[in-house]
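Thanks for coming. I will go through one structure, starting with its sheet and ending with a few backbone details.

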Amino acid sequence: MLRIDIVTLFPDYFQGVMGLSIPARAARDGLVAYRAVQMRDFAVDRHGTVDDYPYGGGSGMVIRPEPVFEAVDWCRGSIAEKPHADKTKVVLLSARGKQFDQRMAERYSLLDHLILICGHYKDVDERVALHLADEEVRAGDYVLTGGEPAAAMILDAVVRLLPGALGDFGSATEDSFFESLLGAPQYTRPAEYRGHAVPEVLTSGDHARIEAWRREEALRLTRERRPDLLADD
């Protein structure tokens, strides 16, 4: 079973993320367990202080290292059966991190324990990145108010890859990026709507033709919209 712990100042943010759709079903089936860990529980004083002014001056506040280190220590220590170090990953959500992608989701889905650290305010003390986190990861080339939306995205992308999370794992293998390609277009009933018909090949019953069509469409869309994916192959 995969355990996902999210260290955050806003645990309530994840109630819907963890309690709906595939993530909720995966938890109910014992494939994954979630905890949204309140960073303020590990604050440096009784006032719940987790941030301070940056050394050297400048605007904004910086999350102190103590509550983050202590929260991660608690996450690790609270598990009765300690996973092997190779099966645990601590990830700091950071605009300076590596772009999250499908390959990372696949790696994380093979872990026993994934700890996601959500930054907030101006930044997180750099000692968290240097001496606690195994990786820094970003959602995209933009800045978010905090790491919570990125953590929710990672959770969803990872959990759907767990064996048994989807009713049909073949659905995941047809997704965009699973084989470094965008997914082929999908159609459903009715066969014609407002004068727009479903491609004939999809209603032919010829599964070899359908598979060939989907492969060619995936390649076409990838060449048109994400040629960089083909360059990486």
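Two strands are said to pair if DSSP finds at least two bridges between them. What you see is a predicted model. With that rule, there is an open sheet of five strands, in the order S2-S1-S6-S5-S8, with parallel pairing. The edge strands are S2 and S8, residues 135–138, and each of these pairs on one side only. On average, neighbouring strands of this sheet are turned by 30 degrees against each other, direction ignored. As background, strands of a sheet pair through backbone hydrogen bonds, either parallel or antiparallel.

Let me take two of the pairings. Strand S1, residues 2–8, runs parallel to S2 and is joined to S2 by seven bridges. If you want to find the place on screen, Asp-5 has Arg-35 in S2 as its bridge partner. S2 covers residues 32–38, and six of its seven residues are buried. The other pairing is S5, residues 88–99, with S6, residues 113–118: these run parallel and share six bridges. There, Thr-88 stands opposite His-113 in S6.

A helix packs on this sheet. Helix H3, residues 65–77, touches S1, S2, S5 and S6, and its direction makes about 160 degrees with that of S6.

Next, the nonpolar cores. In soluble globular proteins, nonpolar side chains tend to be buried together. Which residues of the largest core touch the most other members? They are Ile-4, Ile-6, Tyr-108, Leu-114, Leu-116 and Ile-154, out of 33 residues in that core. Several elements each supply at least two residues, among them S1, helix H2 (21–28), helix H4 (102–109) and S6. The largest share, eight residues, comes from H6. Tyr-108 is worth a look: leaving out residues up to four places away in sequence, its contacts include Leu-2, Phe-100, Leu-114, Val-137, Ile-154 and Val-158. There is also a second, separate core of 20 residues, which includes Val-7, Met-39, Val-128 and Ala-133.

Now the aromatic rings. The count comes to three aromatic pairs. In one of them, Tyr-13 and Phe-14 have ring centres 5.2 Å apart and planes at 65 degrees, so the pair is edge-to-face. The cut-off behind that word is an angle over 60 degrees. Tyr-13 is partly exposed, at 41% relative accessible area, whereas Phe-14 is buried, at 0%. Another pair, Phe-42 and Trp-74, is tilted, with 6.3 Å from centre to centre and 50 degrees between the planes. This pair links distant parts of the chain: Phe-42 sits in the loop between S2 and strand S3 (51–52), Trp-74 sits in helix H3, and they are 32 residues apart. Phe-42 has a relative accessible area of 19% and counts as buried, because the cut-off is under 20%. Trp-74, at 38%, is partly exposed.

On to the cysteines. How many disulfides are there? The count is zero.

One glycine to point out is Gly-140, in the loop between S8 and H6. Gly-140 is buried, with a relative accessible area of 6%. Its C-alpha atom is separated by 9.9 Å from that of Ser-94, which is 46 residues apart from Gly-140 along the chain.

Last, the backbone. Most residues other than glycine have a negative phi, and most peptide bonds are trans. Where does this model depart from that? A cis peptide bond joins Arg-189 and Pro-190, with omega about 5 degrees. Pro-190 lies in the loop between helix H7 (169–173) and strand S9 (192–193). Then there is Ser-21, whose phi is positive, near 55 degrees. Ser-21 is found in helix H2 and is exposed, at 59% relative accessibility. Tyr-121 also has a positive phi, near 60 degrees. Tyr-121 is in the loop between S6 and strand S7 (123–124), and at 34% relative accessibility it counts as partly exposed.

That is the end of my part.

How values were computed
Residues numbered from 1 in each chain as written. Predicted model: local features only at pLDDT ≥ 70, side-chain atom pairs only at ≥ 80, totals over all residues. Heavy atoms only, no water. Buried < 20%, exposed > 50% of the residue type's maximum accessible area, 1.4 Å probe, protein only. Helix = DSSP H or I, 4+ residues; strand = E, 2+ residues; numbered from the N terminus. Axes fitted to C-alpha atoms, helices over the stretch in contact; angles between N-to-C directions. Contact = heavy atoms within 4.5 Å. Phe/Tyr/Trp six-rings, centres within 6.5 Å; stacked < 30°, edge-to-face > 60°. Core = buried A, V, L, I, M, F, W, Y, C linked by side-chain atoms within 4.5 Å. Disulfide = S-S within 2.5 Å.
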